[in-house]
Amino acid sequence: MLVAPLKFRTANDGILFADDAGGYFKAEEDFLHRYVCDELNGNDFDFLSTNGHAFEDTNDLSYLGFEHRFASRLYLPADLDYVILVPTLRCNLACGYCQVSRVNEGTPGFDWSTETLSAAIRFLDGLETRNIKVEFQGGEPLLRLDVIKHVIAFCRSKFERCEFVICTNLQDVSEDAWAVLNEPDVFTSTSLDATRSIHQAQRTISPQKTDAFFDNLDRAIEWLGPDKVSALPTIDPRKPPAPQALIGSFAQYGFRSIYLRPVNYQGFARKKFDARANANLWNQYHSSFIDEMVEFNWNSDEPVEEYYFTHCLRRVLRSGHNHHADLRNPNIIGHSYLVVDFDGKLYPTDEARMVTRVGQFDLSMGDVFKGLKPDTIDTLNGEALNNFHPDCVHCPYQAFCGVDLVDDISRYGRIDLPKHLTDFCQRHTYIFDKIFSMIYSDDPKIQKSLAIWSGSVRFDQSLAKFHR
């Protein structure tokens with residue numbers, strides 16, 4: 001009988017095993033000894049065969065099923081249908097952790113020109129997709145509401161289905177801008193750094209700007225609705241907010257998904273924060289946050305999730321969850337989505353434009369005037385797969401994980417650093433350790449949150465299934 005190669009890792013009360021297709025189980029050390037010594041017994045083979053880890057030969061249905069599960073774990077780039085547009089780098093805030101290297105609001109020369117806008121429209125017109133998602137970033141994109149309205153009008157005339165996301169700091173919103181934000185296919189993304197005092201310290205600085213932001217956030221929630229507004233907090237792992245305060249702050253606005261973001265090692269942030277090697281501090285905080293969220297959900301009629309943890313959980317439980325661009329395998333960049341910068345240059349990711357802007361490497365791949373020149377990116381994509389990576393082939397989390405070469409370049413200036421030394425690997429090893437410790441937990445509080453986060457029960461059904 002053929003046994004699929006098993007990777008293993010010590011867990012709290014046993015050993016976790018996983019195969020290349022993402023099938024997993026826990027067993028005792030005695031099984032590990034029999035497996036590595038090629039001394040598996042009949043019961044072992046029965047268990048492995050029943051659960052899709054062993055096969056009679058490579059032509060039977062069990063093996064074909066295994067191969068299908070393996071293939072479904074891989075990400076196949078589709079048509080280019082997601083673009084991030086940066087019509088301006090100007091901003092009316094000066095956040096210390098800014099990863100974008102923005103410029104002051106009155107600085108000239110950092111906006112789309114008329115020629116850039118026309119070239120960007122021609123570029124969009126050449127896309128073959130029927131559906132498009134356009135995300136406006138900056139700087140502060142509402143400073144170029146004229147560009148936003150022009151692009152939206154064109155996309156609605158060109159594509160069958162459109163979704164627009166405007167990433168705004170909500171500091172200065174005109175009535176004209178509110179009208180755009182209120183349109184049915186337009187969504188608002190903003191930043192809310194936990195409590196009012198933390199938000200002021202990290203972003204708005206002055207009480208007047210703080211008041212303006214929270215007044216606009218109140219209006220956005222009331223007028224647009226929480227389903228059309230999202231917010232994320234940026235966390236300094238050296239002095240993070242108390243999880244209870246952060247969860248409470250988001251919950252009061254009706255936000256049920258919180259995307260925790262550590263300070264990135266990009267843009268201006270790399271000058272002020274030692275964010276290159278903060279995985280240990282971040283993992284400790286994130287773990288305490290998940291624990292607090294479990295407690296919150298047990299006593300709440302409106303449970304909440306941490307977006308990225310939920311995404312990783314769903315990748316463990318079933319294939320196909322590839323919507324988060326930072327965690328795909330292969331993580332082929334520059335194909336299914338790209339960035340158009342303020343000067344019309346094209347980049348494979350938002351982080352890639354920051355690597356270029358701080359002078360590390362030029363990761364641009366053409367511009368909207370002359371088109372794509374993906375040679376550099378295609379060379380990088382030759383390493384964008386973890387299936388055969390020597391540092392990943394023995395990891396039980398390989399099938400659920402991915403690679404982020406741009407992040408490695410940003411932090412270390414290279415892509416060949418041993419994976420276990422990288423921030424990406426350290427953070428994701430912790431996440432999957434945490435996920436499996438919760439999957440195998442008998443605690444009903446944990447079971448309730450996992451059922452909600454995995455999609456097994458809907459939010460409004462959760463209390464009927466789990467009784468306090």
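Analyst: One definition comes before the questions: axes are lines fitted to C-alpha atoms, for helices over the stretch in contact, and angles run from 0 to 180 degrees between N-to-C directions. The model discussed here is predicted.

User: How are helix 4 and helix 5 oriented to each other?

Analyst: The axes of helix 4 (residues 114-125) and helix 5 (residues 145-158) cross at roughly 25 degrees and come within 11 Å. Angles under 35 degrees count as roughly parallel. Helix 4 is therefore, relative to helix 5, roughly parallel.

User: Which residues make that contact, and how many of the residues in the contact of helix 4 with helix 5 are nonpolar?

Analyst: Helix 4 contributes Leu117, Ile121, Leu124 and Asp125, and helix 5 contributes Val147, His150, Val151, Phe154, Cys155 and Lys158.

User: Is the crossing of helix 7 and helix 8 right-handed or left-handed, and are the two helices roughly parallel or roughly perpendicular?

Analyst: The crossing of helix 7 and helix 8 is right-handed. Their axes come within 10 Å, and the angle between helix 7 (residues 196-204) and helix 8 (residues 207-224) is roughly 115 degrees. The range from 65 to 115 degrees counts as roughly perpendicular. Helix 7 and helix 8 are therefore, in relation to each other, roughly perpendicular.

User: Which residues of helix 8 meet helix 7?

Analyst: By class, the contact of helix 7 with helix 8 divides into 4 polar, 3 nonpolar and 3 charged residues. From helix 7 come Arg196, His199, Gln200 and Thr204. The residues they meet in helix 8 are Pro207, Lys209, Thr210, Asp211, Phe213 and Phe214.

User: Which residues of helix 11 take part in the contact with helix 9?

Analyst: Helix 9 passes helix 11 in a right-handed crossing. On the side of helix 9, the contact is made by Pro243, Gln244, Leu246, Ile247 and Ala251. The class count for the contact of helix 9 with helix 11 is 8 nonpolar, 2 polar and 1 charged. The residues from helix 11 are Tyr285, Ser288, Phe289, Glu292, Met293 and Phe296.

User: Which helix gives the most to the lining of the largest cavity?

Analyst: The largest cavity has a volume of about 320 Å³. Its lining holds 21 residues, and Tyr259, Arg261, Pro262, Asp326 and Arg427 lie nearest the centre. Strand 15 (261-262), helix 11 (279-298), helix 15 (405-412) and helix 16 each give two or more residues. The most, 5 residues, comes from helix 16.

User: How many residues in the lining of the second largest cavity are charged?

Analyst: The second largest cavity has a volume of about 140 Å³. Of its 15 lining residues, Asn331, Ile333, Asp404, Leu405 and Val406 are closest to the centre. Helix 15 supplies the largest share of this lining, 3 residues. In the lining of the second largest cavity, 8 residues are nonpolar and 3 are polar, and the charged ones number 4.

User: Which helix supplies the largest share of the lining of the second largest pocket?

Analyst: The second largest pocket has a volume of about 290 Å³. Of the 17 residues that line it, Asp391, Cys392, Cys395, Cys425 and Thr429 are closest to the centre. The largest share of the lining of the second largest pocket is 5 residues, from helix 16 (residues 423-439).

User: What is the phi of leucine 170?

Analyst: Most residues other than glycine have a negative phi. Leucine 170 lies in the loop between strand 10 (161-167) and helix 6 (175-181). Although leucine 170 is not a glycine, its phi is positive, at about 55 degrees.

Key. Residues are numbered from 1 along each chain as its sequence is written. This is a predicted model: local features need pLDDT of at least 70, side-chain atom pairs count only at pLDDT 80 or more; totals for chains, interfaces and linings use all residues. Side-chain values use heavy atoms; hydrogens and water are left out. On a 1 Å grid over the protein atoms alone, a cavity is a set of points where a 1.4 Å probe fits but cannot get out, and a pocket is an open set with protein on both sides within 12 Å along at least five of seven lines; lining residues have an atom within 4 Å of a point. Grid points are joined across faces, edges and corners, and a volume is the space filled by probe spheres set on the points. Helices (H or I, at least four residues) and strands (E, at least two) are DSSP runs, numbered from the N terminus. Angles under 35 degrees count as roughly parallel, over 145 as roughly antiparallel, 65 to 115 as roughly perpendicular and the rest as oblique. Contact means heavy atoms within 4.5 Å. Ala, Val, Leu, Ile, Met, Phe, Trp, Tyr, Cys and Pro count as nonpolar, Asp, Glu, Lys and Arg as charged, and the others, Gly among them, as polar. A crossing is left-handed if the near helix is turned anticlockwise from the far one by less than a right angle, and right-handed if clockwise.
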